[in-house]
Amino acid sequence: NLLDPLLTNRLFPEYGAEPLPMSLPSFELWVKPKADEYNDGLPVWEIIGSDAQMVQFPLRPGRKVTCFSGAMAYMSDGIKMDVKLAGLGKTFGRLVGGGSLFQLTYTNQSDQPGYISMTPDYPGMIIPIDMRQTPKILALRDSFLCSTITEAGIETQISAGFNPSRSVAGFLCGGLDFIMQTIEQGEWSFLMSMGTIITKTLEPGESILVDGQAVLCLEPSVVVDVERIGGIAAICCAGEGIFNTTLTGPGKIWMQSMGIDKLRTLFPVPVSSSGGGGDGGDDGGGGDGGGE
């Protein structure tokens, strides 16, 4: 190798198998974890690309993956789709949590190996979460992309969860959505994110101040609150608003350098003028008035 392995992992974190420790304790540079493998050594999933990624699933006969509508990019012949609402309560929870009305399940119903690929709604990173190690997380709305279903038929449940704030100010001013996606159970879940991903494991009582737009997901044991930035000069001139978000452990948090909400602020939706009648010109005329 021309590059030192540690340097290679820092430059190209998608090639790593373990999180990379950073200079500060309990911080880790996120890298793609090692996927489960079938008996013949083929991975259960594979993330392709470096920035505008897609996740590809080699599906053995009978294996399934689930996603929300619009995620599928391509699939092999023999993969069949099933659409379901999963009950009124769960469907409402998915909608409030940022998901779509319908949940899609793709099954390899052939007797031959197949494949299917999923893509996010926007260019970015795909973050796999092993739900067997982290049984439940709270994620930003619209973060969930897809998940695998175990051979026993256990699938990831997506519902609406409340922002785990300890005060009214935390709910209203913490920078996180009041309603977040609750993701629990299953095997592998895949989240949509943008930029560089950093994880931190908070000890009991340990706190960190963050920008709410930098948070991707967190364990439900983490408590959210707010802290006032400072005096009038800091509030008016620092560009950080009035409050910073405080996350208190125990628990693990995933942070992203460029969240989709932050990106959206760079491209505001243009406001159309309410006037009509065409281009009136400089003389105030309302278009072609007709007449003689």
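The model is predicted. M72 is found in strand 6. This residue belongs to a nonpolar patch on the surface, together with I48, Y74, M75 and Y115. The accessible area of the patch is about 390 Å² in total. Strand 6, residues 72-75, supplies the largest share of the patch, with three residues.

Nonpolar side chains also gather in the interior. In soluble globular proteins, such side chains tend to be buried together. The largest nonpolar core here holds 24 residues. W45, V55, F57 and M118 have the most contacts inside this core. Two or more core residues come from each of strand 4 (54-59), strand 5 (64-68), strand 8 (103-108), strand 9 (114-118), strand 12 (144-149) and strand 15 (188-193). A second, separate core has 17 residues, including L29, L176, L202 and L218.

Beyond its neighbours within four places in sequence, W45 is in contact with K32, P33, K34, A35 and D36, among others. Its partners also include V55, Q56, F57 and P58. P128, W188 and F190 are in contact with W45 as well.

Strand 14, residues 179-184, is mostly covered, with five of its six residues buried. Strand 14 runs antiparallel to strand 11 (residues 136-139), and four bridges join the two. Within this pairing, I137 has I183 as its bridge partner. Strand 13 (residues 157-162) is also antiparallel to strand 14, through six bridges. I179 in strand 14 stands opposite F162.

Note on methods
Residues are numbered from 1 along each chain as its sequence is written. This is a predicted model: local features need pLDDT of at least 70, side-chain atom pairs count only at pLDDT 80 or more; totals for chains, interfaces and linings use all residues. Side-chain values use heavy atoms; hydrogens and water are left out. Patches are made of residues with over 30% relative accessible area and no salt bridge: like charges are joined within 9 Å, nonpolar side chains (Val, Leu, Ile, Met, Phe, Trp, Tyr) within 5 Å. Accessible areas come from the Shrake-Rupley method with a 1.4 Å probe; for residues, only the protein chains shown count as cover. A salt bridge is a side-chain nitrogen of Lys or Arg within 4 Å of a carboxyl oxygen of Asp or Glu. A nonpolar core is a set of buried Ala, Val, Leu, Ile, Met, Phe, Trp, Tyr and Cys residues joined through side-chain atoms within 4.5 Å. Buried means under 20% relative accessible area, exposed over 50%, partly exposed in between (1.4 Å probe, protein chains only). Contact means heavy atoms within 4.5 Å. Two strands pair if DSSP finds at least two bridges between them.
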